[in-house]
Amino acid sequence: MASISIPAQKRTIDDPGAVAAYVNEAAGLTYEWWPVEGRLPQGADAPTVLKTYEPEIERLKRMGGYVTADVIDVGPQTPGLDAMLAKFNKEHSHAEDEVRFIVDGAGLFFIRPAVGPVFAIQVSAGDLLTVPAGTRHWFDLCADRRIRAIRLFIDPGGWTPQYYDDGVHAEYAPVCWGPRYLAANAGAPKAGTPAAGGPNARP
Ligand SMILES: [Fe+2]
């Protein structure tokens with residue numbers, strides 16, 4: 001399930017209801033958790049993934065006006081993975097919502113609200129996140145560099161990043177964390193805090 005880090009407040013949130021409330025109040029995002037246990041057969045192909053989650057996908061289409069859905073599947077062996085990530089790990093926004101349901105793997109969204117501190121939300125299997133059009137954000141993969149996600153679009157052609165040049169993303173370490181990390185580091189500075197060592201510092 002998703003968890004949030006708010007570096008400026010040295011605060012984390014990992015209760016699903018609290019995560020949903022925070023992202024919605026802070027930046028208008030939608031967070032939901034969908035059941036995944038036992039729903040997908042091992043090695044399911046993209047059409048099977050879409051069929052399995054059809055009820056949820058259709059509900060989102062009705063709610064958000066989305067027209068198409070696909071499955072993105074990337075891993076360490078994906079050709080051009082670094083170039084692909086380089087498009088999305090810098091602060092940007094889109095002309096339409098960025099809708100992702102994570103089927104497998106994990107990723108880290110950083111959100112820069114119009115008002116209030118930057119926060120990071122780590123997503124993994126079962127997490128649905130909708131980042132509204134125009135929201136400044138950036139994305140990175142976690143250490144295993146693997147994610148499989150359902151994407152929904154109004155117009156895939158309109159999903160082009162618009163970049164911002166103030167370099168805020170470089171102040172935040174692209175570090176993923178998990179329940180074990182949170183338990184082991186309770187009270188200590190959290191992953192995702194502004195990176196020591198200057199721009200582009202990495203762990
Ligand atoms: Fe994006």
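The hairpin of β6 and β7 has six residues between its strands, and Gly116 takes a positive phi near 100° there. Strands here are DSSP runs of E with at least two residues, numbered from the N terminus. This is a predicted model, so to speak of local features takes a pLDDT of at least 70, side-chain atom pairs count only at pLDDT 80 or more, and totals for chains, interfaces and linings use all residues. Residue numbers start from 1 along each chain as its sequence is written.

Strand β6 covers residues 98–112 and is mostly covered, with 13 of its 15 residues buried; buried means that 20 or more other C-beta atoms, placed from the backbone, lie within 10 Å of the residue's own. Strands count as paired if DSSP finds at least two bridges between them. With β7 (residues 119–124), β6 pairs in the antiparallel sense over six bridges, and Ala106 sits opposite Ser124. Antiparallel pairing over six bridges also links β6 to β10 (residues 147–153), where Asp104 faces Arg148. For β9 (residues 136–141) it is again six antiparallel bridges, with Leu108 partnered by Asp140.

That leaves β8, which pairs with β6 in the antiparallel sense over four bridges, Arg100 standing opposite Leu129. Leu128 belongs to this strand, residues 127–131, and counts as buried because it has 22 C-beta neighbours inside 10 Å. Leaving aside residues up to four places away in sequence, Leu128 touches Tyr31, Glu32, Trp34 and Phe101; contact means C-beta atoms, placed from the backbone, within 7 Å. Trp33 is 95 residues from Leu128 in sequence, yet their C-alpha atoms are 6.0 Å apart.

Key: A residue is buried if 20 or more other C-beta atoms lie within 10 Å of its own, exposed if 12 or fewer, and partly exposed in between; C-beta atoms are placed from the backbone. Two residues are in contact if their C-beta atoms, placed from the backbone, lie within 7 Å.
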